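Please read it alongside the sequence and the structure shown here.

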Amino acid sequence: MQTSKAEARKNVWVMWFANFFIAGSITMVLPFLSLYIETFGNFSDAYVQTWSGWVFGVTFVTAFICSPIWGKIGDRYGRKKILVMSALGLALSVYFMGHATSVWQLFFLRLFMGVFTGFIPMSQALISTQTPKEMAGRVLGTLQTGSITGSLLGPLLGGWIADSIGYAATFQYVSFAVALSAIIVFLGVHEQQVQKESEGEKSSYNTKEVLSHIVHHPLLLMVMVVSLFVQIAHFSIQPILSLFVGELHGPENLALFSGIAFSAAGLGNLMMARRWGEIADRVGYIKILIFLLIMAGVVYLPAAFVTNIWELVLLRFLLGVSIGGIIPVRTAYIRQEAPLAMQGEVLGYNTSLRFLGNIIGPAMGGMVAGAYGFSMVFFVTSGLLLLSGGMLFLVLRRRKPVFNHASSH
């Protein structure tokens with residue numbers, strides 16, 4: 001039985017709150033992760049900075065490996081169960097972080113956490129398969145705003161709570177908030193077994209068949225490759241943004257103005273994610289993806305020439321406006337292109353590529369900035385986004401010489 005529009009709307013709002021709690025809770029601990037490491041001993045600044053990078057990044061390594069596995073299990077046994085397991089695994093790992101007594105313990109707990117980090121992408125897979133095709137973009141855009149809102153509020157609340165009750169206690173309180181997400185999903189989401197959408201569609205696929213489907217659909221493959229490039233581009237500036245803000249504004253209130261620069265992109269993302277999804281439902285997903293990639297590339301470029309903090313904040317906001325539509329529109333396209341019984345695994349591979357971008361991006365940005373200066377990072381990132389839009393356009397043109405609505409879906 002196909003999920004009704006009313007049931008789809010109920011599911012998406014339940015998952016909105018679950019994603020809000022997950023994203024908000026996980027990002028709560030990020031502002032003081034390096035400060036927490038300092039409490040384990042009398043370490044040098046270089047030691048703390050090095051281990052902060054390793055502790056932050058190791059989560060994405062295991063997430064990169066595990067995302068397709070969870071996607072395949074979700075396709076076979078149901079995504080709601082996987083979401084509940086994921087939230088409980090995250091809650092457990094975060095709880096024990098509050099009891100860590102050494103950097104190595106924290107490192108391995110963050111490594112373990114990565115096994116369960118695919119909650120938000122898996123929620124997108126659940127909602128996409130439970131949502132009628134004609135409203136997929138709008139619904140996934142709405143879902144996206146939940147995680148964005150949590151990500152915006154999490155670091156602010158995390159810093160305040162940690163100052164009030166201490167780092168270790170904050171980890172333990174965060175774990176309860178993550179566990180609440182598991183309860184919300186368990187009680188609130190009604191996952192129906194979705195029927196086949198075409199006569200020849202199978203009820204299950206093995207990994208070889210899934211990979212063959214991706215390879216034999218060049219546009220789908222290119223959309224997934226673009227996911228990697230977008231994450232590399234978006235994360236390339238993350239490790240040096242505070243330093244760049246300091247160069248523009250000086251040391252006065254540096255944390256505050258760095259926070260404003262970070263949050264500006266999130267605000268633009270929040271305002272436009274649902275809207276881009278609605279537009280893509282009408283106009284076509286690939287057309288909008290190409291437009292957003294080119295827009296993001298164009299917006300990134302002038303950041304290399306800014307002379308004050310407010311110019312950077314404005315460009316970061318416009319970047320968020322463009323980047324904000326890419327995730328829901330990309331997921332909605334996969335909803336159209338992949339058979340329902342393999343969507344979790346396809347989205348799992350897509351998520352793995354995103355996590356790989358999360359690993360490559362900061363490393364690339366730091367190296368480029370160190371060798372050639374901050375401006376070169378913006379040049380490289382802009383070029384990467386424009387290249388992504390151009391490649392997607394060329395693959396679409398090779399498939400269909402003339403744009404039409406169907407071709408862009």
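The chain of this predicted model has an average pLDDT (the predictor's confidence in each residue, from 0 to 100) of 84, and 93% of the residues score at least 70. Residues are numbered from 1 along each chain as its sequence is written, and side-chain values use heavy atoms, with hydrogens and water left out. Local features need pLDDT of at least 70 and side-chain atom pairs count only at pLDDT 80 or more, whereas totals for chains, interfaces and linings use all residues.

**Confidence**
- Over residues 401-408 the pLDDT falls below 50, although this stretch has 22 contacts in the model beyond near neighbours in sequence, a contact being heavy atoms within 4.5 Å.
- Where pLDDT is low, the predicted coordinates should not be read in detail.

**Ser-67**
- Ser-67 lies in helix α3 (residues 45-77), helices being DSSP runs of H or I of at least four residues, numbered from the N terminus.
- Ser-67 is buried, at a relative accessible area of 8%, where buried means under 20%, exposed over 50% and partly exposed in between, with a 1.4 Å probe and protein chains only.
- The side chain of Ser-67 reaches the backbone oxygen of Ala-63 at 2.8 Å.
- Leaving aside residues up to four places away in sequence, Ser-67 touches Gly-348, Thr-351, Ser-352 and Phe-355.

**Val-61**
- Helix α3 also holds Val-61, which counts as partly exposed at 36% relative accessibility.

How values were computed
Helices (H or I, at least four residues) and strands (E, at least two) are DSSP runs, numbered from the N terminus. A polar contact is a pair of N or O atoms within 3.5 Å; within protein, one must be able to donate a hydrogen and the other to accept it, and residues adjacent in sequence count only if both atoms are side-chain atoms.
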